[in-house]
Every structure is written in C-alpha cells, then in structure tokens.
Amino acid sequence: MNNKFFPIVDVRDVADALLLLYNKAGPSERYICSLDQMDLKDLLAIMKNMYPSYTYADKMVDVDFNVGVTSDKLNNLGWKPRKMEETLVDCIESYEKAGLLGVTDEEPCRLPFIYRMPPIQE
C-alpha cells in the first residue's frame, strides 16, 4: 500500500467552517480546512490501536512527501473542529453500518477500488 500523506478533516467540520466563513470571512479570501495531517502509516498505527480486530496492510511503500499546512487563519475566526479520534470512530461506525468493513480474513474490506491498492508484485 502506498504510504501517502493526507490532510484529515471531518465533513461536519467542513460544513461548520463554510457556515462560519459565510458569516465572518471577507470576499475572495482562502482558508485551509484541515485539522490533522499524517501519512497513512501513522493513521494505520492509530487505527490498529483503536480497532485491533481488523486486518490492516502490512507492506507500505513511501511515495509522498509531507507538506505542512495550517488552519490557523480559520481557527482565528472561531472554527472549532472535532478531535481526530472522534472523526475516526464516527467513520468506522458509519462504514460498519453500511456493511463496508469486514472483521475477518474471509470477509475483506469492500471499499471502492480507488481506496485500495493492487498487491505489490515482488
């Protein structure tokens, strides 16, 4: 699996940010709406800790570089995003409810192909 760098934000926080900007931002201003930024390897480490019963990728290939972005400008307007752990828990519960996640090796994850990488050929 490719170890890419991802800015992470809860879609509910994006909606909150849009409402805040509608009321407080000036015209033609740009804002970064991302709370946490991490690579996939670090995200999987957190997920393994929170959900140890799932099966996770064990081979990672570093393919990206980290770019630091900040939401300070949005925070200064009063944006209060959720904690990353809350976002992850809510995502997993939503995926489980939708039947997209399998807990055993016989029942693999059914996320669309764009989110899964083909096996690494050695």
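How many nonpolar, polar and charged residues does the lining of the largest cavity have, by class? In this predicted model, the lining comprises four nonpolar residues, one polar residue and five charged residues. The residues concerned are I8, V9, D10, D13, L35, D36, R82, K83, M84 and T87. The space inside this largest cavity amounts to about 40 Å³, and the structure contains one cavity of 30 Å³ or more.

The protein is built from four helices and four strands. Read from the N terminus, these elements follow the order β-β-α-β-α-β-α-α. Of the contacts in the protein with a separation of 6 or more, 81% are made by residues 24 or more positions apart.

Of the 122 residues in the protein, 24% are buried.

S34 was examined individually. This residue lies in the loop between α1 (11–24) and β3 (36–39). S34 has a relative accessible area of 5%; the residue is therefore classed as buried, because that value falls under the 20% cut-off. When residues up to four places away in sequence are not counted, S34 touches P7, I8, V9, S71 and W79.

Definitions and conventions:
Residues numbered from 1 in each chain as written. Predicted model: local features only at pLDDT ≥ 70, side-chain atom pairs only at ≥ 80, totals over all residues. Heavy atoms only, no water. 1 Å grid on protein atoms, 1.4 Å probe; cavity = no way out; pocket = protein on both sides within 12 Å on 5 of 7 lines; lining within 4 Å. Points joined across faces, edges and corners; volume = space filled by probe spheres on them. Nonpolar A, V, L, I, M, F, W, Y, C, P; charged D, E, K, R; others polar. Helix = DSSP H or I, 4+ residues; strand = E, 2+ residues; numbered from the N terminus. Buried < 20%, exposed > 50% of the residue type's maximum accessible area, 1.4 Å probe, protein only. Contact = heavy atoms within 4.5 Å.
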